[in-house]
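Please read this short report with the sequence and the 3D view side by side.

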Amino acid sequence: QLGEGATALPAPPHQCTLGSAFTVIDYSIFVLLLVLSSAIGLFYALSGDRQRTVQEFLLANRNMSFLPVALSLLATFQSAVAILGVPAEIFRSGTEYWFLGCSYLLGLLIPAHIFIPVFYRLRITSTYEYLELRFNKTVRVFGTITFIFQMVIYMGVVLYAPALALNAVTGFDLWSAVLTMGLVCTLYTTLGGLKAVIWTDVFQTLVMFAGQLAVIIVGAQRVGGMARVWHLADKEGKISGIDLDPDPFERHTFWTLAVGGVFMMLSLYGVNQAQVQRYLSARSEQEAKLSCYAVFPCQQIVLCLSCLTGLVMFVYNQEHPLAPNQRHSSPDQLVLYFVMDVLQDLPGLPGLFVACLFSGSLSTISSAFNSLATVTMEDLVRPHCPGLSESRATLLSKLLALGYGLLCLGMAYVSSMLGPVLQAAISIFGMVGGPLLGLFCLGMFFPCANPTGAITGLLAGLAMAFWVGIGGLLHNMRAAEAPPPPNGTALPAVGNLTTILTTTLLAPTPTPQSPTGLQKFYSLSYMWYSAHNSTTVILVGLLVSLLTGESAVDPRTIYPVLPRLLCCLPQKYRQRLCCGGADHADATVKSNGVGNGLAPPGLQEEEEGQGYIRAAGAPTYALQETSF
């Protein structure tokens, strides 16, 4: 109680504490999310396809329809860092980032018409099986190990980072959040397999939509409506026009986002195991393509919601400025300060947004567990244990998912010890995605590429990726140590964290002087990283392949893109430019009536619906002798 004559000191504005921001209703909504996610896993473990075979556990028995697959594709890389990061990007830099939506069209049409037909008709389980069919077992192992490294590093960050931001803003216990997310995710992924992962993704996607809509509606209402939000944002210069500057060193321009973003999307939706596994779980090739089409409007909606959240946040901050101690917070914390302040007097809505945040993490981590278990089982275990029974293989797959779940918790602890290096750990995800895309494009589009060229190209691409990526990261960190501009932030800016899931370097802080020499090279926009690194793999791979000679190629693994692009040239020039593969690809299509150059296999396989399935028993691999 206050003594006589004393006056109460006003609470610092926007200081959200656990007691003021969270109520019993909020906790109930959050717990309900975890309970329902676990219940879906238990349901698919105890009924219907009870995950008794590897195909049921890892591929949902190949009987999923396109809509749940599409929502799962959307949720896989729409993590908590994206929910926090994109509004922060709009808040700081305006709506330029919105033009990334232009890249979604080609970024999803190309996988639907090129990658999905090739992968689906080969009836593979792991994406890296393709590399053995196209090149050899060594290339497959190189690709698998690269992917495992990428995802293991990323898992801990995507679990720890949002929990850390939530703890800093709301007081929500850090390790309780980490352990709860990690254990619940491990439970339903291990018990329910891919089918449980897909259906929990559907549920969690709806929760993410609800949480973002609640913030936009309530926030816009508090500042006078969405029309006023747009007017004030435009007045303050936050509504960006089309910047047609072709300079690749500019962080965000139309070309950087619309063209560089295509390569980013291809590295995700074209060749990433977590996404390809969902295509392969569809009941037909047509359903797999439809799922890719359906992701397009969903991605646009997600992008719009995130951008509108950033605009509402900017206008709200103009009228209700942050407290001085909060202005220098990292951008992801700024979003949470805004959300908790806007929703704090509406019981249940803060809990809904936290559920939205954690849904993003759960969907991403569960996809990582499942895809890692798949590639480890199919690429590293089964080739060395050909006599493994179906029941033992299924049990081992579940144990692998469990093991990766526990490893994720360990990586979250490691992430907590990294400090500034945490930014580098996040960046690794993007550095590795480009070279892997280049490796698959090298094999699929260039018949003359051989295994030696593939391995050399991959290593060159990874070396280039880490050189430019780490060099750029250190350059930006040194720039961030300079005194921040007025109303700026002392920390490196967190860029679009949807991109952090894919090509991502945390967005650089603008430097006062123009860099030169290698520093200029390190200033390459992070949106071009995937294109730059994949192109390096292709060029080096082709050069080495031409120097070391051709090798036998299975025609089912080739998509004859060059013959089609060069169809107007005379035959002798076509044959030379396509390394002799043009005529063979055309003959394959004509003689077998199979599009995309995918001939019926010469293995012990039989036709079943769309695509081909291997005969029962351990998988066998053979290359059809073909002269290119």
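## A residue in helix 18

Leaving aside residues up to four places away in sequence, Thr394 touches Gln51, Arg52, Thr53, Val54 and Phe57. Touching here means contact, that is, heavy atoms within 4.5 Å. Thr394 itself lies in helix 18, residues 390-418. Helices are DSSP runs of H or I with at least four residues, strands are runs of E with at least two, and both are numbered from the N terminus.

Is Thr394 buried or exposed? Thr394 is buried, as its relative accessible area is 3%. The cut-offs are these: buried means under 20% relative accessible area, exposed means over 50%, and partly exposed lies in between, with a 1.4 Å probe and protein chains only.

Thr394 and Leu58 are 336 residues apart along the chain, yet their C-alpha atoms are separated by 8.8 Å.

Some ground rules belong here. The model is predicted, so local features need pLDDT of at least 70 and side-chain atom pairs count only at pLDDT 80 or more, while totals for chains, interfaces and linings use all residues. Residues are numbered from 1 along each chain as its sequence is written, and side-chain values use heavy atoms, with hydrogens and water left out.

The table gives the angle and the axis distance for each pair. Axes are lines fitted to C-alpha atoms, for helices over the stretch in contact, and angles run from 0 to 180 degrees between N-to-C directions.

| Helix pair | Angle | Axis distance |
|---|---|---|
| Helix 5 (residues 80-93) and helix 14 (residues 285-319) | about 50 degrees | 7 Å |
| Helix 6 (residues 103-122) and helix 13 (residues 273-281) | about 70 degrees | 10 Å |
| Helix 9 (residues 174-222) and helix 17 (residues 349-381) | roughly 140 degrees | within 5 Å |

Take helix 6 and helix 13 to begin with. Their angle of about 70 degrees makes them roughly perpendicular to each other. By the cut-offs, angles under 35 degrees are roughly parallel, over 145 roughly antiparallel, 65 to 115 roughly perpendicular, and the rest oblique. Helix 6 brings Pro111, Ile116, Phe119 and Tyr120 to the contact, and helix 13 brings Val276, Tyr279 and Leu280. These contact residues divide into seven nonpolar, no polar and no charged. Nonpolar covers Ala, Val, Leu, Ile, Met, Phe, Trp, Tyr, Cys and Pro; charged covers Asp, Glu, Lys and Arg; the others, Gly among them, are polar.

Now turn to helix 5 and helix 14. These two helices are oblique to each other. Their crossing is right-handed. A crossing is right-handed if the near helix is turned clockwise from the far one by less than a right angle, and left-handed if anticlockwise. On helix 5, the contact uses Val86, Pro87, Ile90 and Phe91. On helix 14, they meet Ser306, Cys307, Thr309, Gly310, Leu311, Met313, Phe314 and Asn317. The contact counts eight nonpolar residues, four polar and no charged.

What is the hand of the crossing of helix 9 and helix 17? The crossing is left-handed. Its contact residues divide into 21 nonpolar, 14 polar and one charged.

## Loops between helices

Two residues sit in the loop between helix 3 and helix 4. Ala60 is there, with helix 3 spanning 54-59 and helix 4 spanning 66-76. Ala60 is not a glycine, yet its phi is positive, at about 55 degrees. Ala60 is buried, at 1% relative accessible area.

Asn61 lies in that loop between helix 3 and helix 4 too. Phi of Asn61 is positive, near 60 degrees, and Asn61 is a residue other than glycine. Asn61 is partly exposed, at 26%.

Ser47 is in the loop between helix 2 (24-46) and helix 3. Ser47 is partly exposed, with a relative accessible area of 21%. Ser47 and Gly192 are 145 residues apart in sequence and 9.8 Å apart in space, C-alpha to C-alpha.

## The whole chain

The protein has 26 helices and two strands. Of its 628 residues, 60% count as buried. Among contacts with a separation of 6 or more, 84% join residues 24 or more positions apart.
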